[in-house]
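The following exercises concern one protein chain and the way its parts meet. Please study the sequence and the model before reading the solutions.

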Amino acid sequence: MPSLVQISEEDVRGLLKWDHTFKAVECALEGVTRGWVSQTSQWMSLGQTENIMIILPGYLNHEKYGGIAYKFFTIFPSNDRPMFTHIALMNENSGEIKAMIFGNDITEWRTAAASVVATKHLIGARPQKILAICGAGAEGRAHAVAFQHFFNYEQVRIWNRTPSRAQKLVEALNHNLSQPIFLAAETVEECLKNADVIVTATPGDDVIVQLKWVKPGAHINAIGVSSTGTELDIPTYKAGHVYVDSIENVKHRLQHLQAHGIQFKAQIGDLITKSAVPPESTEITIFQSLGMGSEDCAMARMIYDLHMNKFKTAS
């Protein structure tokens, strides 16, 4: 039996690059529309605790990014490091596990990359000067770095419920810059004022964005969502054109939005393949990110190939 390849947290961090990540995630999103993807998800509570386990199996039929994988992760909210994630990548011919890959950083990067892909296809070549990010955790940081890498904003504002966390992140991101681009906002309203693009990266239990703070034509990437809560108020959803990574995901995880009459215009893959077109530039657009096993599959295949090529070169 072939030996199992272990790709550690340190290995993954040394291999991740934004341009590679963007292409892998865009392929997975396109694959949903083109029928290249099979995927599902399962969530379960661990006994009578607030701790949960989530499993995301995915299959992607693609020469470069394809494979069979499943991501499993645990969330223990009271721990100093609440989440641990691993991705098992399978042999496509036998079904055996060929690699076990540490997945925390992969999850952060692929989630930010999905938002970048959605923004690219919904805004197009329209000018983007101001980015607003609500949430200064791991996803807030990943989105700040990814969006600045691809879009080069004049100003990036960051808000967090704990102001010191936003300030600490801003200081870290501005380090070595000749002029500060990242700014800490004291309130959500201040953060969102005249923002061209908005990212909400909080747990999703509480509404933080109100429609009156969102300018016409803004694009929102909503990352956090729970089974009952949302980061955006219902008027914002109703005023916007809402897009998702997978319509199948809507049936399982956004029933509470459907109960409010929220309609989902299309999948991001539909925009990539031109089977759907974005609305007029004056309309608010929303990407409700949910995450997919196929994205993890594409990322695992990418990391595995980069790791094995590095190993071959070294030997």
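Predicted model: local features only at pLDDT ≥ 70, side-chain atom pairs only at ≥ 80, totals over all residues.

Residues are numbered from 1 along each chain as its sequence is written, and side-chain values use heavy atoms, with hydrogens and water left out.

**Exercise 1.** Describe how strand S3 and strand S4 are joined.

Solution. Strands (E, at least two residues) and helices (H or I, at least four) are DSSP runs, numbered from the N terminus. Strand S3 covers residues 42-45 and strand S4 residues 52-60. The two pair in the antiparallel sense over 4 bridges, where pairing requires that DSSP finds at least two bridges. Within this pairing, Met44 stands opposite Met53 in S4. The connection is a hairpin with 6 residues between the strands, and Gly47 in its turn has a positive phi of about 65°.

**Exercise 2.** Characterise the interface of domain 1 and domain 2.

Solution. Begin with the bounds, which come from an automatic or database domain assignment: domain 1 spans 5-106 and domain 2 spans 111-293. Their centres, taken over C-alpha atoms, are separated by 22 Å.

Next, consider contact (heavy atoms within 4.5 Å): 17 residues of domain 1 touch 24 residues of domain 2. The buried area, meaning the accessible area (1.4 Å probe) that two parts lose on being put together, summed over both, is about 1,800 Å², with 71% of it on carbon and sulfur atoms. Trp18, Phe22 and Leu29 supply 39% of the area that domain 1 buries against domain 2, more than any other three residues.

Finally, look for salt bridges (a side-chain nitrogen of Lys or Arg within 4 Å of a carboxyl oxygen of Asp or Glu). The rule finds 1 across this interface. On the side of domain 1 that touches domain 2, helix H2 (18-34) and S4 each supply at least two residues; H2 gives the most, with 12 residues.
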